[in-house]
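Me: I would like to learn how to read a protein model step by step. Could we begin with the overall layout and then turn to a few details?

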Amino acid sequence: MGRPVKILYLLIFVCVFERLLHLGFVNREEQIPVSLPRKHLRKMPLKMVDVTPSDFDQAFEKFNSEKDRIKFILFLADIDPSTSVSWCPDCVRAEPVIYKKLEESSSDVLLLRAYVGDRPTWRTPNHPWRIDSRFNLKGVPTLVRWENGAVQGRLEDHEAHVQSKIETLLA
């Protein structure tokens, strides 16, 4: 193989590698430059598990035993069957922002979505998550970062939609 052919192959390889890098198909362990924008890094899948108060304990036990993942619990209002939308306007506003930020993370994230029930159920002072000392839930939506068997940070209803606060909770 002559020198011009070797140079041509090298140029093709460099072009293909640069394109793969640009599209995010090359892992950062494979020497992606530090200056590369975050949006081009390979994203980890966001795993979501849905629970209600009735099946929470079993799912939470499994959730709590997960290793090597950043774990979040998102307490949400149920979907109103008559409108197909959550009865909680703060949940409607916060959910897409929370999902977007968690999906953009380069970390492996596990999200336990805990649905509190319909409005009358949630308004009950003895709702299980209101009286549970681990969560001390006051409102929905509430996003909780869970580490080492305890709450390590939280965003409550009035701030759960703020992107910068979600990013801080992720860091």
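Reply: From the N terminus on, the order of elements in the protein chain is α-β-α-β-β-β-α-β-α-α-β-β-α, which comes to six helices and seven strands. Helices (H or I, at least four residues) and strands (E, at least two) are DSSP runs, numbered from the N terminus. The model is a predicted one, where local features need pLDDT of at least 70 and side-chain atom pairs count only at pLDDT 80 or more, while totals for chains, interfaces and linings use all residues. Residues are numbered from 1 along each chain as its sequence is written, and side-chain values use heavy atoms, with hydrogens and water left out.

Me: What percentage of the residues of the protein chain count as buried?

Reply: Buried means under 20% relative accessible area, exposed over 50%, and partly exposed in between, using a 1.4 Å probe and protein chains only. Of the 171 residues in this protein chain, 37% count as buried.

Me: Which residues of helix 6 are buried, and where do they lie around the axis?

Reply: In helix 6, which covers residues 163-170, the buried residues are Ile166, Leu169 and Leu170. They lie on the same side of helix 6, because they cover an arc of only 100 degrees around the axis, the arc being that of the directions from the helix axis to the C-beta atoms. The elements that these buried residues pack against include helix 3 (89-104) and strand 6 (142-147).

Me: How should I read the packing of two helices?

Reply: Two packed helices are described by the angle between their axes and the distance between the axes. Axes are lines fitted to C-alpha atoms, for helices over the stretch in contact, and angles run from 0 to 180 degrees between N-to-C directions. Helix 3 and helix 6 pack at an angle of about 40 degrees, with their axes 10 Å apart. That makes helix 3 oblique to helix 6, since angles under 35 degrees count as roughly parallel, over 145 as roughly antiparallel, 65 to 115 as roughly perpendicular and the rest as oblique. The contact (heavy atoms within 4.5 Å) is made by Val97, Ile98, Lys101 and Leu102 of helix 3 and by Gln163, Ile166, Glu167 and Leu170 of helix 6.

Me: Where is Phe135 placed, and is Phe135 buried or exposed?

Reply: Phe135 sits in the loop between helix 5 (128-131) and strand 6, and Phe135 is buried, with a relative accessible area of 1%. Not counting residues up to four places away in sequence, Phe135 touches several residues, among them Phe56, Phe60, Trp146 and Arg154.
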